[in-house]
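Please walk me through this model in the viewer, one selection at a time. Tell me what to pick next and what is there.

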Amino acid sequence: MRVTTGISLVSSVAVLSVGLAASSAAADTTNILDFTYARMTGNYFTPVDVAGRDNVAVLSAIGAPNYGTLWGAAAGGAEGFGMQASGFQGVGGWAGGLGASLADITGVSFDWYRFDGLGSGTGLGGGFRLAMYVYSPGPDDTSGFLQFDLSALLPNQTNDSWNSTGNYLLGPTGSAWYSADYGASAYSGYKTWAEIQTALAGWSVYEVGIINDAGMVVAIDDFAVTFVPAPGAIALLGLAGLAPRRRR
């Protein structure tokens, strides 16, 4: 019995190790923002039905104040994208528990539809962009906005149908810049997402959003962030893989 138990224990540990290794290579998690809890500012419409889809967000940049924005907290469960909290809440705790690690983000995407009657052959101008509100772990209250202008890479709308951006972060050099909110600028010029991850190593992201001040009306659906799963979730996947083996 003792020998059998010893072998069983060793086997269990080995299987657990294999399970953890396999789960660590598993696909990242993708969460879609619930517009019911999203924060919308400026000139916008509440979620409506557009082109065969219901409960989509519509951002208008026509008429005062000539812009519309849509934001979701990086963490925050149902009120955000559900990423793991970073543990750093910003100077004075202003970010609460809604901040997540910037390094964990691997992709952002959304579907879009021109809602101003222009139809086929129309695209998105340079004033339509993805944005992230980010902040430094240091004591100097440094925070600002990353703005990704990939309008030239997004396809024109075809046949009055919905279009997908794909992973918005995979743009070329010159796709994103940083604008300071508080403190000094984190970097100057334009950088790719990989370069930003290096320049802002250790930073957190408070919100992920869309800014529209391009003089158009655009409907948004399936606004999603893809990120590295929390370590606890990976461990649970490993244990889940272990359970059926132990029953045998």
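## Stop 1: the loop between β4 and β5

Start with Pro65, which is in the loop that joins β4 to β5. The model is a predicted one. Display the backbone here: the peptide bond running from Ala64 to Pro65 is cis, and its omega is near 5°. Now move to Asn66, which belongs to the loop between β4 and β5. Asn66 is not a glycine, yet its phi is positive, at about 65°. Most residues other than glycine have a negative phi, and most peptide bonds are trans. With a relative accessible area of 44%, Asn66 is partly exposed.

For another positive phi, select Ala51, where the value is about 50° although the residue is not a glycine. Ala51 is found in the loop between β3 and β4. Its relative accessibility is 44%, so Ala51 counts as partly exposed.

## Stop 2: Phe45 in β3

Select Phe45, part of strand β3, which covers residues 44–50. Phe45 has a relative accessible area of 40% and is partly exposed. Neighbours within four places in sequence aside, the contacts of Phe45 are Met40, Val58, Ser60 and Val217.

## Stop 3: the whole chain

Zoom out and colour by secondary structure. The protein has three helices and 14 strands. Of its 248 residues, 42% are buried. Among contacts with a separation of 6 or more, 72% are between residues 24 or more positions apart.

## Stop 4: the nonpolar cores

In soluble globular proteins, nonpolar side chains tend to be buried together. The largest nonpolar core in this protein has 41 residues. Select Leu70, Ile105, Met132, Leu146, Phe148, Ile220 and Phe223, the residues with the most contacts inside that core. Elements giving two or more residues to this core include β4 (53–60), β7 (105–114), α2 (193–199) and β14 (217–227). Which element gives the most to this core? It is β14, with five residues.

Leaving out neighbours within four places in sequence, Phe148 is in contact with Arg129, Leu130, Met132, Tyr168, Leu169, Ser175, Ala176, Trp193 and Ile196. Another core, of seven residues, lies apart from the largest one; Val56, Val58, Tyr113 and Trp162 are among its members.

## Stop 5: aromatic pairs

A pair of aromatic rings is described by the distance of the centres and the angle of the planes. The count for this model is 16 aromatic pairs. Take Trp71 and Phe145 as one of them: the ring centres are 6.0 Å apart and the planes meet at 55°, so the pair is tilted. Trp71 belongs to strand β5 (residues 68–73) and Phe145 to strand β9 (residues 143–148), so this pair ties together parts 74 residues apart in sequence. Trp71 is buried, at 6% relative accessibility, whereas Phe145 is partly exposed, at 25%.

Next select Trp94 and Tyr133. Their ring centres lie 5.7 Å apart with the planes at 40°, so this pair is tilted. Trp94 sits in the loop between β5 and β6 (100–101) and Tyr133 in strand β8 (residues 128–135), so the pair links parts of the chain 39 residues apart. Is each residue buried or partly exposed? Trp94 is partly exposed at 30% relative accessibility, while Tyr133, at 11%, is buried.

Show Trp71, Phe88, Trp94, Tyr133, Tyr135, Phe145 and Tyr206 together: ring pairs link these residues into a cluster.

## Stop 6

Select Ser204, which is in strand β13 (residues 204–212). Ser204 is buried, with 4% relative accessible area. Its side chain makes a polar contact of 3.1 Å with the side chain of Ser86. Beyond its neighbours within four places in sequence, Ser204 is in contact with Ser86, Phe88, Ala100, Leu102, Tyr133, Val134 and Tyr135.

Finish at Tyr187. The charged end of Lys191 sits over the Tyr187 ring, 5.3 Å from the ring centre.

Definitions and conventions:
Residues numbered from 1 in each chain as written. Predicted model: local features only at pLDDT ≥ 70, side-chain atom pairs only at ≥ 80, totals over all residues. Heavy atoms only, no water. Phe/Tyr/Trp six-rings, centres within 6.5 Å; stacked < 30°, edge-to-face > 60°. Helix = DSSP H or I, 4+ residues; strand = E, 2+ residues; numbered from the N terminus. Buried < 20%, exposed > 50% of the residue type's maximum accessible area, 1.4 Å probe, protein only. Lys NZ or Arg CZ within 6 Å of the ring centre and 35° of its normal. Contact = heavy atoms within 4.5 Å. Polar contact = N/O pair within 3.5 Å; in protein donor to acceptor, adjacent residues only side chain to side chain. Core = buried A, V, L, I, M, F, W, Y, C linked by side-chain atoms within 4.5 Å.
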